[in-house]
Amino acid sequence: MISFNIFTESKREINFQYFDKSRYLSLDKHVLYLIHTDSYSPDAISLFKKSLSDQELEKASKFRFIEDQYRYIVTHATLRTILGRYLKSEPAEIEFVSNDYGKPSLSEKYEKIH
């Protein structure tokens, strides 16, 4: 189970299960997610890896310390899970592109989220 907190512009903490995602997308609201990265077992990390791209897995493997690898894996898998809920897509199927400077963004087919 992924663990994170959500805060809206009014700085009110809300539960993701009851969060009206479509309302916030249509009203162009800003939402902050705080992702908890320290409490996952190696088995959970293995599950998170399934939603990552080959590039993400390669980058994770380059971190020197296992804790940094786990943080990277958890944050990227959680990002994909959150975006998947907004976009009604499987987390592993979400496509990212990079600009000339390496900055990632969602591919053009996902217009609503930047």
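Colleague: Where do I start? How many helices and strands are in the protein chain?

Modeller: Start with the parts list. This predicted model has four helices and five strands. Then read their order along the sequence: β-β-α-β-α-α-α-β-β.

Colleague: What share of the residues in the protein chain is buried?

Modeller: Buried means under 20% relative accessible area. Of the 114 residues in the protein chain, 32% are buried. Look at the surface too.

Colleague: What do contacts between residues 24 or more positions apart account for?

Modeller: Take the contacts with a separation of 6 or more. Residues 24 or more positions apart account for 52% of them in this chain.

Colleague: Next, charged side chains. How many salt bridges does the structure hold?

Modeller: For a salt bridge, look for a side-chain nitrogen of Lys or Arg within 4 Å of a carboxyl oxygen of Asp or Glu. The structure holds four. One of them joins the side chains of Glu56 and Arg80, at 2.9 Å from N to O. Glu56 lies in helix α3 and Arg80 in helix α4, so the pair ties together parts 24 residues apart in sequence.

Colleague: Is Glu56 buried or exposed?

Modeller: Compare its value with the cut-off. Glu56 counts as buried because its relative accessibility is 9%, under the 20% limit. Arg80 is buried as well, at 3%. Leaving out residues up to four places away in sequence, Glu56 touches Tyr72, His76 and Arg80.

Colleague: Which residue forms a salt bridge with Glu58?

Modeller: Lys62 does, with the closest N and O atoms 3.4 Å apart. Glu58 is partly exposed, at 44%. Lys62 is exposed, at 60%.

Colleague: And which residue pairs with Lys109 in a salt bridge?

Modeller: Glu95 does, with the closest N and O atoms 3.3 Å apart. This pair links distant parts of the chain. Lys109 is in the segment after β5, and Glu95 is in the loop between α4 and β4. Lys109 counts as exposed, at 54%, whereas Glu95 is partly exposed, at 38%.

Definitions and conventions:
Residues are numbered from 1 along each chain as its sequence is written. This is a predicted model: local features need pLDDT of at least 70, side-chain atom pairs count only at pLDDT 80 or more; totals for chains, interfaces and linings use all residues. Side-chain values use heavy atoms; hydrogens and water are left out. Helices (H or I, at least four residues) and strands (E, at least two) are DSSP runs, numbered from the N terminus. Buried means under 20% relative accessible area, exposed over 50%, partly exposed in between (1.4 Å probe, protein chains only). Contact means heavy atoms within 4.5 Å.
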